[in-house]
Amino acid sequence: MNWFNKAWALLHDPPYKALWPLDYKPLDGRIHEEEARALLAELLKGTKLGGGAPDEKTSRTVAGADRLASSFDRWALAPEGEAKYWVRPERLINPFNPNYSADIEVPPFDQFVDQVKAFVREINGVVKNAPDEREAYFALFAVYELAWIKAGLPALPADTRMPTHTIFDHLYATASVMNWVGEEGAPKEDGCLVEIDVPGIQRVISSARKAGDYRAGSLLVSLAVWGTAWKYMELYGPDVLLSPSPRFNPFLYLQLSKEYGWGQRALSLYGTVVSKFLGLEVGKVEDFVRLAPVVPGTAYLALPNCAEAERAVDYFEEVLDDIKAMVLGEGDARLPLGGAASGDVLKVAKAVLGKMPRRYLPLRVRYASISEARGLAEKAARAVGERAGFEVDPVRFIFWALMKKLKEKPAVPRPVSWFDRGGAPKFAKLYNGPWIYSSLDPDQPAALKISGVVTPQGVDYDEEAKRAFAGMGVENLAELIKVFKPKEALGPVDVLKRALYLAVSKGVGVESVEAVALKWHYQQNYFNNCPDLRSKVEEVLHGGDAEVIFGSSEAADKALAEAPRLCGGDPAAPPPTLMYAIIRADADNVGKLISGCLPAAPSPPSARLLESREDAERQWREDKERFAKLVEAVQILGAEAGCGGEGGRGVRYIIPSPAYYAALSASMMLTALKDVYIASLKYGGEVVFAGGDDLLAFSPLATAFDIVRETREAYWGDGGFHKIGAYALPALAAYGKSYSVRAAHSITDFMAVEVEEAARLLEKAKDSVEGKDALAVSTSTGHAGYVKVGQASLLKAVADAYRSGALSKNLPYDLERWAGDGFKCEDSEACREAALALFAYVARRNVKAGGEELAQRLAELLELKAREGGAESAWRNATEVLKAVREWA
């Protein structure tokens with residue numbers, strides 16, 4: 001691998017290229033290519049990559065990668081060398097929704113020079129500590145964008161004529177597609193796009209009894225997928241990983257800190273940037289990112305050839321071996337998160353995991369080569385060129401064609417085999433009698449059957465279980481019971497997940513939903529004035545069984561109901577409870593967004609040219625006209641991508657390019673980090689997974705609506721952008737994000753069933769609410785209704801009013817009585833107006849003096865545009881919503 005060539009791909013345009021028209025040339029280059037070479041020399045001075053300059057062959061190779069990577073909206077513009085005009089750098093446009101833009105605040109030149117010098121020093125200080133070219137490239141890749149952000153420099157567009165992608169989107173995309181181009185810059189026939197996927201991921205994650213089980217399943221999948229991708233990154237560089245993005249990815253920086261001597265400095269720089277992004281103390285960032293489950297069960301890679309793709313299964317099995325060995329303390333796995341189980345949990349894990357299939361998680365791999373995609377790319381280029389009236393380079397369509405070919409291929413899973421061909425078990429069966437299924441996962445046989453007995457203190461191990469554990473060398477059953485419960489039947493993966501959770505989190509128990517329900521109040525010092533209750537809550541938080549600690553579920557509920565009186569808590573604050581919230585979120589139309597279906601097509605901005613000359617103005621007009629024709633021409637491909645229909649009248653199609661995909665995956669990573677911060681650190685929840693486009697978390701009831709509101713706001717960012725100081729990256733502000741929030745009891749409700757129901761209601765909410773961006777609100781007692789997600793703050797206000805008595809809890813039942821047997825009017829505008837008036841009247845009857853404003857706002861619940869049913873359906877839905885929210889009071 002030519003690491004210098006990859007470094008030049010990352011550096012071939014200076015990050016401040018957009019400021020060239022303003023004569024911002026800190027290294028005095030005559031042209032921007034010359035400036036880039038001077039910057040390369042400064043950045044790599046004294047490093048293993050330094051001392052050289054790109055020759056003609058390297059330049060041709062990188063130029064080919066540049067062309068393949070560039071965004072769709074630059075295709076119709078005149079090549080830079082032929083451009084007769086410069087456009088002033090004034091704003092950055094969101095590539096997913098061009099209705100959003102961010103102003104570019106250009107610092108004064110002298111300040112800018114000082115900032116660039118700091119940027120260079122930061123990078124050089126890390127890269128020069130790398131002992132060879134390979135590590136030097138890894139270091140450069142890891143700190144390049146972060147050092148720019150730390151220096152306080154703004155995000156600048158790759159091209160001011162179409163300022164839709166940042167220069168770093170373009171540079172990182174160029175480095176990625178270097179894996180697909182040959183020495184002369186042409187795409188290689190065996191260049192390969194690979195998909196690695198753990199199928200049935202929800203089954204792996206949801207095989208759970210505790211909140212920690214869910215998190216452990218997510219962690220296991222994340223480590224398995226990341227570890228497999230890392231095998232390729234080690235060989236070809238971190239740029240091979242297209243998704244999840246390596247940019248801003250905590251797993252990359254944790255991995256580098258474990259692997260390389262300079263890695264800790266890269267991790268420290270990452271912590272500085274993330275602290276600025278999240279508003280988190282720098283010292284807390286490392287602990288935060290260690291528990292950020294942001295690597296999904298699917299990864300996409302750009303590999304130099306498809307022969308390498310065939311090795312994915314072997315790599316996956318090697319990583320699964322490493323995870324198991326790490327947990328058992330039998331080796332230091334090369335994984336971003338590490339640690340071994342200890343004490344009695346380790347003894348049980350050794351007994352169970354000593355015999356199990358090597359591939360204990362399912363896997364599927366599919367891939368497509370450039371040779372397979374070339375014909376499709378050429379056909380698309382011809383069709384678009386004929387409609388546009390000018391020739392379009394087929395190379396521009398390679399990435400689009402690769403994605404299309406890949407998705408057309410069948411994805412055949414490689415399942416886990418728990419028995420050999422003769423029917424003999426390939427796992428350790430540590431109980432007598434015939435084998436049984438895991439009580440958590442019906443696809444997995446049980447290796448451990450833990451029998452129990454009911455005692456006055458609760459459920460305990462029976463004598464058979466105690467003998468079995470004694471045979472494993474267990475010494476402290478009182479601590480073990482916090483991890484392995486009586487009457488559980490656990491498969492090998494179940495045991496591995498719990499041991500992994502403890503190894504990574506360094507905890508004493510697998511966190512329960514009882515702990516999630518109580519944690520926020522404890523963190524708010526709610527129990528400080530009631531030491532007896534505080535002591536019991538602390539036992540639950542440290543892994544104890546709430547039923548045993550309080551005596552029964554009913555006793556626990558009763559004790560917590562007395563907390564406001566006993567503890568002297570704020571009567572306006574939500575009281576502590578064993579009820580908790582399940583929060584499930586999923587981005588609307590994310591498949592369309594990935595495919596290139598946007599609310600509007602980008603267009604050249606109404607920009608100010610640097611020089612108002614006739615030839616410049618003429619070429620600017622010609623470029624805009626060519627681009628308009630190109631946008632219209634590619635709409636013939638939009639129908640195949642599913643553009644149109646739901647998600648939007650007026651939806652326009654653009655061809656997704658490597659630069660587009662780089663921007664999208666980086667935005668997802670930043671959104672995921674913000675989701676974890678909001679749900680976990682800020683509001684005391686437990687995040688199972690956060691992919692940017694999806695979220696599963698458990699939270700205290702008291703903070704559930706806050707989490708919904710703030711994570712939804714974070715999805716679209718600040719004015720359509722994620723802001724990190726002066727830096728801005730586009731947020732996925734094209735379509736909405738729908739949520740489901742479900743209240744359930746942490747003891748009496750079966751968690752897995754409630755999580756599944758929350759997911760079902762999420763899909764129903766999307767189908768029920770026009771325009772999506774919906775919120776399903778439900779309870780385990782059977783109430784469910786739908787609102788717009790933007791009304792989460794209204795629902796919290798309703799819960800607060802119920803609690804304070806400002807709003808009667810009888811309101812929903814009063815509404816039912818007034819509705820009677822149904823409306824006797826047709827679904828007309830007059831009927832809807834009458835319903836609104838009646839709804840407002842009933843609401844006013846149920847508020848105390850001073851609550852008139854809330855009564856007025858409640859009418860918003862009736863204004864929901866449902867897909868069907870009209871005013872009567874909206875009335876019933878609003879009534880159900882108000883019933884469900886009573887649980888939050």
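Me: What makes Lys429 a charge over the face of Tyr431?
Reply: Lys429 lies 4.7 Å from the ring centre of Tyr431. The rule asks for NZ of Lys or CZ of Arg within 6 Å of the centre and within 35 degrees of the ring normal, so Lys429 over Tyr431 qualifies. This is a predicted model, where local features need pLDDT of at least 70 and side-chain atom pairs 80 or more, while totals for chains, interfaces and linings use all residues. Residues are numbered from 1 along each chain as its sequence is written, and side-chain values use heavy atoms, leaving out hydrogens and water.

Me: Which ring does the charged end of Arg626 sit over?
Reply: That of Phe390, with 4.1 Å to the ring centre.

Me: Why is the pair of Tyr214 and Phe698 called edge-to-face?
Reply: Rings of Phe, Tyr and Trp (its six-membered ring) pair if their centres lie within 6.5 Å; planes under 30 degrees apart are stacked, over 60 edge-to-face, the rest tilted. Here the centres are 5.3 Å apart and the planes stand at 75°, so edge-to-face it is. By that rule the count is 39 aromatic pairs.

Me: How do you know that this pair links distant parts of the chain?
Reply: Tyr214 is in helix H8 (residues 211-236) and Phe698 in strand S15, 484 residues apart. Helices (H or I, at least four residues) and strands (E, at least two) are DSSP runs, numbered from the N terminus. Both Tyr214 and Phe698 are buried, that is, under 20% relative accessible area with a 1.4 Å probe, protein chains only (exposed is over 50%, partly exposed in between).

Me: What makes strand S11 mostly covered?
Reply: Of the nine residues in S11 (579-587), eight are buried.

Me: How do you know that S11 pairs with S18 and S15?
Reply: Pairing takes at least two DSSP bridges. S11 has nine to S18 (residues 737-745), running antiparallel, and seven to S15 (residues 694-700), also antiparallel. Facing residues include Ala581 with Ala743 in S18, and Ala585 with Leu695 in S15. Met579 has His745 of S18 as its bridge partner.

Me: What is the strand order in the open sheet, and what makes a strand an edge?
Reply: The six strands run S14-S15-S11-S18-S19-S20, with mixed pairing. S14 (686-690) and S20 (784-788) each pair on one side only, which puts them at the edges.

Me: What does helix H27 touch when it packs on the sheet?
Reply: H27 (residues 704-716) touches S11, S15, S18 and S19 (774-779), contact being heavy atoms within 4.5 Å. Its direction makes about 165° with that of S18, taking axes as lines fitted to C-alpha atoms (for helices, over the stretch in contact) and angles from 0 to 180 degrees between N-to-C directions.
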